[in-house]
Amino acid sequence: MIELTVNGIKRQVDVVAEMPLLWVLRDELGITSAKYGCGVAQCGACTVHIDGKAVRSCQAHIGEVAGKSVVTLEGLDNKDQHPVLQAWIEHQVPQCGYCQTGQIMQAISLLARISKPTDEQINQVMSGNLCRCGTYPRIRAAIHAAAANKTAEK
């Protein structure tokens with residue numbers, strides 16, 4: 001049995017240590033916000049937070065995650081009022097929506113490290129999260145809005 005904390009709840013899973021976290025979340029725990037996009041950590045659709053850091057869950061083996069804390073979109077604190085989610089809605093970021101949970105989790109990680117990122121910093125950090133619909137200008141605008149909202153809350 002491998003133990004980890006997912007969205008604040010201690011969980012145990014009986015799987016091989018090499019199983020990707022993405023499959024544990026989706027198939028074993030029924031948490032479906034992280035999506036399968038490429039399987040090689042190149043698209044970002046599977047991004048979750050492990051101990052507060054944005055990580056591609058398709059390449060994080062569950063054995064490496066044992067004892068750590070995993071947060072998915074479902075586990076965000078104050079989700080209904082989260083500044084990034086509010087900005088995503090305000091700027092109508094999603095088109096098809098498939099990549100959005102990974103984009104959101106990466107954006108939250110970015111804003112935790114850089115409270116008022118420049119366009120260049122946003123482009124650099126978000127470059128590993130692909131959007132086939134090309135909503136990058138709206139993603140960038142939403143990140144700026146979330147940063148402004150977080151600053152206003154302080």
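Between which helix and which strand is the loop that holds Ala 41?

1. Ala 41 lies in the loop that runs between helix H1 (21–28) and strand E3 (47–50). The model is a predicted one, and within it Ala 41 takes a positive phi of about 60° although the residue is not a glycine. Its relative accessibility is 27%, so Ala 41 counts as partly exposed.

2. A second residue with a positive phi is Asn 78, where the angle is near 50° and the residue is again something other than glycine. Asn 78 belongs to the loop between strand E5 (69–71) and H3. With a relative accessibility of 54%, Asn 78 counts as exposed.

3. Is His 82 buried or exposed? Because its relative accessibility is 14%, and the cut-off for burial is under 20%, His 82 counts as buried. Apart from neighbours within four places in sequence, the contacts of His 82 are with Leu 76, Asp 77 and Ile 108.

4. As to the overall architecture, the protein contains 6 helices and 5 strands. Read from the N terminus, the order of elements is β-β-α-β-β-α-β-α-α-α-α. Of the contacts between residues at least 6 apart in sequence, 57% join residues that are at least 24 apart.

5. How does the radius of gyration of the protein stand against that of a compact globule? A compact globule of 154 residues would have a radius of gyration near 15 Å, and the value for the protein, 15 Å, agrees with this. The C-alpha trace spans about 45 × 35 × 25 Å along its principal axes.

6. Burial and surface may be taken together. Among the 154 residues, 44% count as buried. The accessible surface amounts to about 7,900 Å², and carbon and sulfur atoms account for 49% of this area.

7. Helix H3 (residues 83–90) has as its buried residues Pro 83, Val 84, Leu 85, Ala 87 and Trp 88.

8. In helix H5 (residues 119–126), the buried residues include Ile 122, Val 125 and Met 126. Viewed down the axis of H5, the buried residues fall within an arc of 90°, so they line one face of the helix. Glu 120 and Gln 124 are exposed, and they sit on the face of H5 turned away from the buried side.

9. Cys 131 is located in the loop between H5 and helix H6 (136–153). Its relative accessible area is 7%, and Cys 131 is therefore buried. Which residues are in contact with Cys 131, leaving aside its neighbours within four places in sequence? They are Cys 99, Gln 100, Gln 103 and Tyr 136. Between Cys 131 and Ala 66, by contrast, the C-alpha to C-alpha distance is 31 Å, with 65 residues separating the two in sequence.

Definitions and conventions
Residues numbered from 1 in each chain as written. Predicted model: local features only at pLDDT ≥ 70, side-chain atom pairs only at ≥ 80, totals over all residues. Heavy atoms only, no water. Helix = DSSP H or I, 4+ residues; strand = E, 2+ residues; numbered from the N terminus. Rg over C-alpha atoms; globule rule 2.2 N^0.38 Å. Buried < 20%, exposed > 50% of the residue type's maximum accessible area, 1.4 Å probe, protein only. Contact = heavy atoms within 4.5 Å. Areas by Shrake-Rupley, 256 points an atom, 1.4 Å probe, with all protein chains shown as cover. Arc of directions from axis to C-beta.
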